[in-house]
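Have the sequence and the 3D view open while you read.

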Amino acid sequence: MARPCSMEFRERAVARVEAGESRRSVAKALGVSPSAIVKWARRHRERGSVAPDKMGGDRRPKIIGDHAVWLRERIRADDFTLRRLVVELRDRGRDVGVWAVWSFVRAEGLSHKKNRHRRRAG
């Protein structure tokens, strides 16, 4: 993951913009994208600081508790598709995306590519 630019660097860039230099010329001189300068100047104007927002963090699983128990049983009981599982979870009151279901299935060590009826001839 990329690191945010230093506060001193950001403050120098915003000071140049406030002194009347164009955002594009500041970006070119400092070797950053014009959009970064625009965002820093806006952040300084709105918040009074150019400090970066928090990055990253812990991503907890979205399928837990009763929903996780139900989903484990559902996966083992029959063939499934990820999109169908999303719909079934939504019907049960848990609004999650395909990514959350895929992460759960993968963490359980299961395959979402099951197809018992199309096995190759032995």
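## Ground rules

Keep in mind that this is a predicted model: local features need pLDDT of at least 70, side-chain atom pairs count only at pLDDT 80 or more, and totals for chains, interfaces and linings use all residues. Residues are numbered from 1 along each chain as its sequence is written, and side-chain values use heavy atoms, with hydrogens and water left out.

## The overall picture

The protein has six helices and zero strands, so to speak α-α-α-α-α-α when you read the elements from the N terminus on. Helices here are DSSP runs of H or I with at least four residues, strands are runs of E with at least two, and both are numbered from the N terminus.

Of the 122 residues, 27% count as buried. Buried means under 20% relative accessible area, exposed means over 50%, and partly exposed is in between, using a 1.4 Å probe and protein chains only. Now take the contacts (heavy atoms within 4.5 Å) with a separation of 6 or more: residues 24 or more positions apart account for 50% of them.

## Helix α2

Which residues of α2 are buried? In this helix, residues 23–30, they are V26, A27 and L30. Seen down the axis of α2, these buried residues fall within an arc of 100 degrees, so they line one face of the helix. The arc is taken from the directions from the helix axis to the C-beta atoms. As a reminder, an α-helix has 3.6 residues a turn, so residues three or four places apart point the same way.

The buried residues of α2 pack against α1 and α3. On the other side of α2, R24, K28 and A29 are exposed. After the helix comes G31, with a positive phi near 75 degrees.

## Helix α6

Helix α6 covers residues 98–107, and its A100, V101, F104 and V105 are buried. Down the axis of α6 the buried residues fall within an arc of 130 degrees, so they too line one face of their helix. Their cover includes α4 (65–77) and α5 (82–91).

## I63, a loop residue

I63 sits in the loop between α3 and α4. Is I63 buried or exposed? It counts as buried because its relative accessible area is 5%.

Leaving out residues up to four places away in sequence, I63 touches A68, L71, L89, V96, A100, V101 and F104. Take F104: I63 and F104 are 41 residues apart along the chain, yet their C-alpha atoms are separated by 7.2 Å.

## The largest pocket

The largest pocket has a volume of about 240 Å³. Its lining is made up of R59, R60, P61, K62, I63, W99, A100, S103, F104 and A107. On a 1 Å grid over the protein atoms alone, a pocket is an open set of points where a 1.4 Å probe fits, with protein on both sides within 12 Å along at least five of seven lines; lining residues have an atom within 4 Å of a point. The volume is the space filled by probe spheres set on the points, which are joined across faces, edges and corners.

By class, the lining has six nonpolar, one polar and three charged residues. Ala, Val, Leu, Ile, Met, Phe, Trp, Tyr, Cys and Pro count as nonpolar, Asp, Glu, Lys and Arg as charged, and the others, Gly among them, as polar.

A search of the whole structure finds two aromatic pairs. One of them is F9 with W40, edge-to-face at 6.0 Å centre to centre and 85 degrees between the planes. Rings of Phe, Tyr and Trp (its six-membered ring) pair if their centres lie within 6.5 Å, and planes under 30 degrees apart count as stacked, over 60 as edge-to-face and the rest as tilted. The pair links distant parts of the chain, with F9 in α1 (7–18) and W40 in α3 (34–47), 31 residues apart.
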